[in-house]
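Open the model in your viewer and keep the selection tool at hand. The stops below say what to select next and what is there.

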Amino acid sequence: GRFENTDGAPDWQGWTHDDFTTADNVSPWHVSDERVLVGNYSMVCGDEVLTQGGLEFGYGNDWKTALLFIHTVDDPGVSSQLRVSGRLYVDAEPDYDYVYLQLSRSTGWTPIDADAVWDGVGNHSFDFTTTVATRDYTGTNGNEIHVRFYFESDGGYSDEDGFYESDGPCWLDNLLVEVNGVQSDYEDF
């Protein structure tokens, strides 16, 4: 049987559960040393599940979660050159669940580049540069650049329902953000 031992007694068989219907504001983004892209730690998007084989990660149906970076510009009257580079591992259901690198523009959140959308399984190095127009600055004072890694899953086939087994949708490392050729942030976690 499923979730029972040979004597018929309940047995989780290494699984655990989370109730994603509650608004507990617990972010699936966290630093981990379990699966590292470079160095000792990586940023992981995923729900930690302790199994008999060790710590694993996964994701659920209908996830919409983001890791956000904000840079305040010196002069909101002048456009900026934005560069974002780093390493990324993706494990998301192909053609249905996606990881995006997005920039907030006056038209809403859009991929920073046409190639800044990933699905399936694989390691990626990325290096994107784009111009941020003055109309695209955001924030209370209209002087901020907002960049995010955004993961969105559809209504089925995830670790939650057991139809797609993943290592969590994405892992990030060696993130570099430059504005006008000046390093704004570097994270190796």
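Two residues are in contact when heavy atoms of theirs lie within 4.5 Å of each other. With that in mind, select P111: leaving out residues up to four places away in sequence, P111 touches Y100, L101, Q102, A116 and V117. P111 is found in strand β8, which covers residues 108–111. Its relative accessible area is 33%, so P111 is partly exposed. P111 and Y150 are 39 residues apart in sequence, and their C-alpha atoms are 9.6 Å apart in space.

**The whole chain**

Zoom out and colour by confidence. This is a predicted model. The mean pLDDT of the chain is 86, and 84% of the residues reach 70 or more. Select residues 12–22, where pLDDT stays under 50. For this stretch the model has 18 contacts beyond four places in sequence. Where pLDDT is low, the predicted coordinates should not be read in detail.

Switch to a cartoon view. Which elements does the chain contain, helices or strands? There are 13 strands and zero helices. Of the 189 residues in the chain, 42% count as buried. Among contacts with a separation of 6 or more, 71% are between residues 24 or more positions apart.

Select T130 in strand β10, residues 120–132. Is T130 buried or exposed? T130 is buried, because its relative accessible area is 13% and the cut-off for buried is under 20%. Show what surrounds T130: apart from neighbours within four places in sequence, T130 is in contact with S80, Q81, L82, L103, R105 and I112. One of these, R105, also has a polar contact of 3.0 Å with T130, side chain to side chain.

The side chains of D136 and R105 meet in a salt bridge of 3.3 Å, N to O. The pair links distant parts of the chain, with D136 in the loop between β10 and β11 and R105 in strand β7 (residues 98–105), 31 residues apart. D136 counts as buried, because its relative accessibility is 4%.

**More salt bridges**

How many salt bridges are there? The count comes to four.

Select K64 and E152. Their side chains form a salt bridge at 3.8 Å, N to O. K64 lies in strand β5 and E152 in strand β11 (residues 144–152), so this pair ties together parts that are 88 residues apart in sequence. K64 counts as exposed at 51% relative accessibility, whereas E152 is partly exposed at 29%.

Next select R83 and D127, whose side chains meet in a salt bridge of 2.7 Å, N to O. This pair too links distant parts of the chain: R83 is in strand β6 (residues 80–92), D127 is in strand β10, and 44 residues separate them. R83 is partly exposed at 25% relative accessibility, and D127 is partly exposed at 44%.

I70 sits in strand β5, which covers residues 64–72. With a relative accessibility of 41%, I70 counts as partly exposed.

**Two backbone angles**

The last stops concern phi. Most residues other than glycine have a negative phi. Select N174, in strand β12 (residues 170–179). The phi of N174 is near 50 degrees, a positive value in a residue other than glycine.

Then move to N180. Where is N180 placed? N180 is in the loop between β12 and β13 (182–187). Phi of N180 is also positive, near 55 degrees. The relative accessible area of N180 is 47%, so N180 is partly exposed.

Conventions:
Residues are numbered from 1 along each chain as its sequence is written. This is a predicted model: local features need pLDDT of at least 70, side-chain atom pairs count only at pLDDT 80 or more; totals for chains, interfaces and linings use all residues. Side-chain values use heavy atoms; hydrogens and water are left out. Helices (H or I, at least four residues) and strands (E, at least two) are DSSP runs, numbered from the N terminus. Buried means under 20% relative accessible area, exposed over 50%, partly exposed in between (1.4 Å probe, protein chains only). A polar contact is a pair of N or O atoms within 3.5 Å; within protein, one must be able to donate a hydrogen and the other to accept it, and residues adjacent in sequence count only if both atoms are side-chain atoms. pLDDT is the predictor's confidence in each residue, from 0 to 100.
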